[in-house]
Amino acid sequence: MHATIMPDMDMGMMHHSCPVEQPSETAPDSSGLLRCAAVFTMPSATSWTLGVTLHDHEYDSIATLRLRIPVVDGYGVRTARSANGTTYVFTLLASPWKVGMNDIRFAVHSTTDGFSFTPVPDAQLTFEPSMPSMGHGSMGNVQPSHVGNGWFAGRVNYSMTGDWRIDLIVDPMDGATYTAQYDFLVHR
Amino acid sequence: MLCTVTILILTAGGTDSLPAQDTARVYVAPEVVVQADAVRQPWRTDRPVSSTGSVDDLMRCNGLTLIQRANGFAGEVTMMGLRGAQVNSTIDGMKIHAACVDKMDPNTAYVEIDNLTTMNINADGSDLRYGQALGGSVNFTLRRPEYTKPVRTLIDAAAESNAFLRRLRIDASGGTERVGLRAGYTLRTASDMRDGNDVTIPTSGYTKQNLQVVGGWKLNDSNEFQLSFIGDRATDVGYPALIMDTRKADAVIGALTWRRQWSSSLRTSAKVYANAIDHTMDDYDRPLTQIETRAFMPNMYMPMTGTTSVGGLLVETSISTSSTLINIIVDATYLAANATMEMIPLDTTVTPMFMTNIGDARIATAGLSAALDHEVADGLSFRAGARADVSSRTVRDEAFRSVISGYNPGVPLDVTALAGSVHGGLYHELADDLDVWAVLAYNQRMPTHLEMYGFWLYDPQANIIMNGRADLANENAMSMTVGGSYRQDDLSISGSLYVRRVGNYIGPDPATAIVQQGQPPVRTMGNLGTAMLTGFTATAFHSMASWFGLHATLRGVWGQSLAFDDPLPLLDPLTAMLRAVVGDATIQGEVAFSGALRQSRTSSAILPEDTTPAWMRVDLLIAWRPLAALRIQAACTNVFDTFYHEHTSINNMPARGRSFNAGLRVDL
């Protein structure tokens, strides 16, 4: 058996999807779950649906269902559009940030039609943490490198609690660079 | 006189039959200023002119330079260009570590002048008893209980016109043959002070209370136990030179000492001690415009808390023969230190922040010191000593470890450090009244917990932010001091010259500076190569008549970082003092001139500073002792209301303007 998911946002005049990571397993894990991921690119209480297709290879049967899911606002997703019409999605994986060194993960996906999103493994990413209210950043950060499937991993050092900002610069090797900004709170 | 000097601070109060911890070294000191005649050692000469004075005044009066951040309070000792941890400052041999990361509270802030009997100063690198530094040491000996004395009460009250500084001291002591008790309470309080331009300096007032209780029990003629306690509370202490003020600083200092005289030539003392300091400061009393416009972290309040706790063991043994004195000391301490800062933005839409500046630093140190004083021949003594310390250092706060690991990638935070110092000297009596000496010393000091683990510490004078580095090498110094003294009944002249080569000079490394727009540069502490310090001190006393004496001191220091071709910071220029003391045992007067030349050799790289104009001030005092039990004193300090600041006054905070003070001391 395998499963696929297909998020869809109904914006009235148009539909679009978002980056996904399909379940890689063919059987549920010990929790009874097939694990997958989607990067919802905008919040909505009612407009997102998640199409799920289950294919039982043994009986060659297919089941589909559509789930309406609310998506709350977050800080981790930014999009940019290139001159040639490609849309990029830059995702900062939200973490329970803590003071000190933290793992930080970004994802870069691209799409030209709004439905098929592909990882951009060759992108070059650099980020800079800062505290806008303090006017300083931090040291000891490790710039991200590609770890697979469009994900980039690095390390970030938050020297204190408070409002932090990550400025991300992405060079997806299309001749342009893009910036994204993420604001969030680091707790004690 | 900054070679090795022990200064008897108070003559009121008895001495004890068993030796103080300092006694062994007082014996070997080349100069011990304990004199009996009224002019040279009158009943108030070694007290500051100001009857409202603090330990700061005492240190200044006796030739030390202080880095000043507040109104006559909490000055940081410097001597011969050595400062901070380059000078080992102890109270009765006890280590008391400042809790404030902004240096608001050197350990001398937690004792009162009335708690002390002697101040022992050494600057030639030969005092290794209570720790390793770069050659400078100051040890204050606390007052001890009095045996076989009837109960005696002393009340000392004084007030001063400038800042309406008031001081009250109540002291009670007494004892039987076997039990002695002493209790003393001091209250000092001041409003904002006025400088020589008649300008009131905001946030320069303070209130300080100090309680000392000490009890002694002589088990027999050769065994004594002593339990001592000091509680000190400072509140609302303004630091005009800094960006914050102390809201409250509490110190609790306790010690239990056992002294044993095994024989006429062998004695020991063992002291177990502990102290804890809790220091909070904030900028709530500062005007809003200052908060909004300051260079460091504007637009927010930033209350800070610092705590240190120290536990220690100090075991001293001295063995003497007719020609030899050996002193062996085991010295162990354990320090725990924390410091944190809140940041509360004026803009209420911004989330308040919290930062750790010292994340539970733990420093365990054990040291062994040995000193030998041997009379090689008649009039020729050889003195030598050595000390070795081993220290385990770490920080325990995991989040803090994580933060500072990011700032110094790959630098281990758990460090075991070793340090060793050694000295040797020859002391030769050329004639009955002429002595010369030469001391060669190699000293090391381990970096402090602030230098290793401090994070985001602000230096308001240099306007830099400093971060520690855990792998700093020991700072070391090779020094040579030569001196001589000529003493006759009515004249004494002494002087010393020194040269000190400092290796691995520790300071905020200019090469590491990270400059961000609108923020002070951030530097990491580093070993800044070699520096040279050289200078001299000279002092003379001439008793011109039984009722008239002159006392003069002159000192100068020159320092240069060879690595940065930069003058060392916070070096006072050529400084002089001339005092004329008149009177007898009943009435005494004094006029004191003190001043310094312009300091234009200033650091521009290590800790940027500006030049300081020359200055001179005059102080006057008259003291009357109509009865043995009554002293009445009046003084005028800074008579000509001179507006000036010392070069070591942070951010050029001016000295106090003219002040009249009057005091009364009753000994019941």
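Student: Across all chains of this predicted model, how many salt bridges does the structure hold?

Tutor: The structure holds 44 salt bridges over all chains, and one of them joins B:Arg182 to B:Glu146.

Student: What makes the contact between B:Arg182 and B:Glu146 a salt bridge?

Tutor: The closest N and O atoms of the two residues are 3.4 Å apart, and the cut-off asks for a side-chain nitrogen of Lys or Arg within 4 Å of a carboxyl oxygen of Asp or Glu, so the pair qualifies. B:Arg182 lies in strand β11 of chain B and B:Glu146 in the loop between β8 and β9 of chain B, so the bridge ties together parts that are 36 residues apart in sequence. Both residues also belong to a network of salt bridges that includes B:Arg152, B:Arg169, B:Asp171 and B:Asp667.

Student: Why is B:Arg182 called buried?

Tutor: The relative accessible area of B:Arg182 is 3%, and buried means under 20%, so the term applies; B:Glu146, at 1%, counts as buried too.

Student: How do you know whether B:Asp250 and B:Arg233, which form a salt bridge, are buried or exposed?

Tutor: B:Asp250 has 17% relative accessibility, which is under 20%, so this residue is buried, whereas B:Arg233, at 39%, falls between 20% and 50% and is therefore partly exposed. The closest N and O atoms of this pair are 2.7 Å apart.

Student: What makes strand β7 of chain B mostly covered?

Tutor: Six of the seven residues of β7(B) are buried, and this strand is joined by six bridges to β8(B), the two running antiparallel.

Key
Residues numbered from 1 in each chain as written. Chains lettered and ligands numbered in written order. Predicted model: local features only at pLDDT ≥ 70, side-chain atom pairs only at ≥ 80, totals over all residues. Heavy atoms only, no water. Buried < 20%, exposed > 50% of the residue type's maximum accessible area, 1.4 Å probe, protein only. Helix = DSSP H or I, 4+ residues; strand = E, 2+ residues; numbered from the N terminus. Pairing = 2+ DSSP bridges.
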